[in-house]
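Please consult the sequence and coordinates alongside the text.

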Amino acid sequence: MQDIKKIIGRNLKYFRFQTGMSQEKFYETYKLNPKYMACVERGEINVSVEFLNNLAELLEKNITDFFDTNKERIIKERRIDSKKESYTK
């Protein structure tokens with residue numbers, strides 16, 4: 001079974017990417033702590049249901065979307081990550 005923190009983080013990262021905003025711009029726009037949110041995206045910390053619900057509202061998602069283990073999304077995320085790596089090289 002996958003770690004739920006990693007699933008939530010992966011989905012948050014994917015949803016943020018869909019906004020077209022960089023990590024810094026996204027968290028600045030919504031007044032979120034970038035260091036804390038980076039830990040959430042990496043699946044390093046637990047988040048409260050209330051916090052997750054607030055994020056879902058900001059992103060116009062359903063809270064259950066954060067628990068989705070959709071393989072297609074995972075594949076898309078890997079493509080996103082590989083594109084980022086090629087930009088930084």
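## Packing of helix H3

In this predicted model, the buried residues of H3 pack against H1, helix H2 (23-29) and helix H4 (49-59). Helix H3 spans residues 34-41, and its buried residues are Met37, Ala38, Val40 and Glu41. Viewed down the axis of H3, these residues fall within an arc of 160°, so they line one face of the helix. In general, an α-helix has 3.6 residues a turn, so residues three or four places apart point the same way.

At the start of H3, a side-chain oxygen of Asn33 comes to within 2.9 Å of the backbone nitrogen of Lys35. Following H3 is Gly43, which has a positive phi, near 75°.

## The nonpolar core

The largest nonpolar core comprises 15 residues, and those with the most contacts inside it are Leu12, Tyr27, Leu32, Met37, Leu55, Leu59 and Phe66. At least two residues of this core are supplied by each of H1, H2, H3 and H4. H4 contributes the largest share, five residues.

When neighbours within four places in sequence are set aside, Met37 is in contact with Leu12, Tyr27, Leu32, Phe51 and Leu55.

## Asn11 and Asp65

Asn11 belongs to helix H1 (residues 4-19). With a relative accessible area of 1%, Asn11 is buried, and its side chain reaches the backbone oxygen of Asp65 at 3.5 Å.

Asp65 is located in the loop between H4 and helix H5 (71-88). Its relative accessible area is 26%, so Asp65 is partly exposed. Asp65 and Ile8 are separated by 57 residues in sequence, yet their C-alpha atoms are 8.7 Å apart in space.

## Aromatic pairs

Five aromatic pairs are found in a search of the whole structure. One of them, formed by Tyr14 and Phe15, is edge-to-face, with 6.2 Å centre to centre and 65° between the planes. Both partners are buried: Tyr14 has a relative accessible area of 10%, and Phe15 has one of 2%. Tyr14, Phe15 and Phe66 form one aromatic cluster.

The ring centres of Phe26 and Tyr30 are 4.9 Å apart and their planes lie at 65°; the pair is therefore edge-to-face. Phe26 is buried, with a relative accessible area of 0%, whereas Tyr30 is partly exposed at 28%.

Terms used. Residues are numbered from 1 along each chain as its sequence is written. This is a predicted model: local features need pLDDT of at least 70, side-chain atom pairs count only at pLDDT 80 or more; totals for chains, interfaces and linings use all residues. Side-chain values use heavy atoms; hydrogens and water are left out. Helices (H or I, at least four residues) and strands (E, at least two) are DSSP runs, numbered from the N terminus. Buried means under 20% relative accessible area, exposed over 50%, partly exposed in between (1.4 Å probe, protein chains only). A polar contact is a pair of N or O atoms within 3.5 Å; within protein, one must be able to donate a hydrogen and the other to accept it, and residues adjacent in sequence count only if both atoms are side-chain atoms. The arc is that of the directions from the helix axis to the C-beta atoms. Contact means heavy atoms within 4.5 Å. A nonpolar core is a set of buried Ala, Val, Leu, Ile, Met, Phe, Trp, Tyr and Cys residues joined through side-chain atoms within 4.5 Å. Rings of Phe, Tyr and Trp (its six-membered ring) pair if their centres lie within 6.5 Å; planes under 30 degrees apart count as stacked, over 60 as edge-to-face and the rest as tilted.
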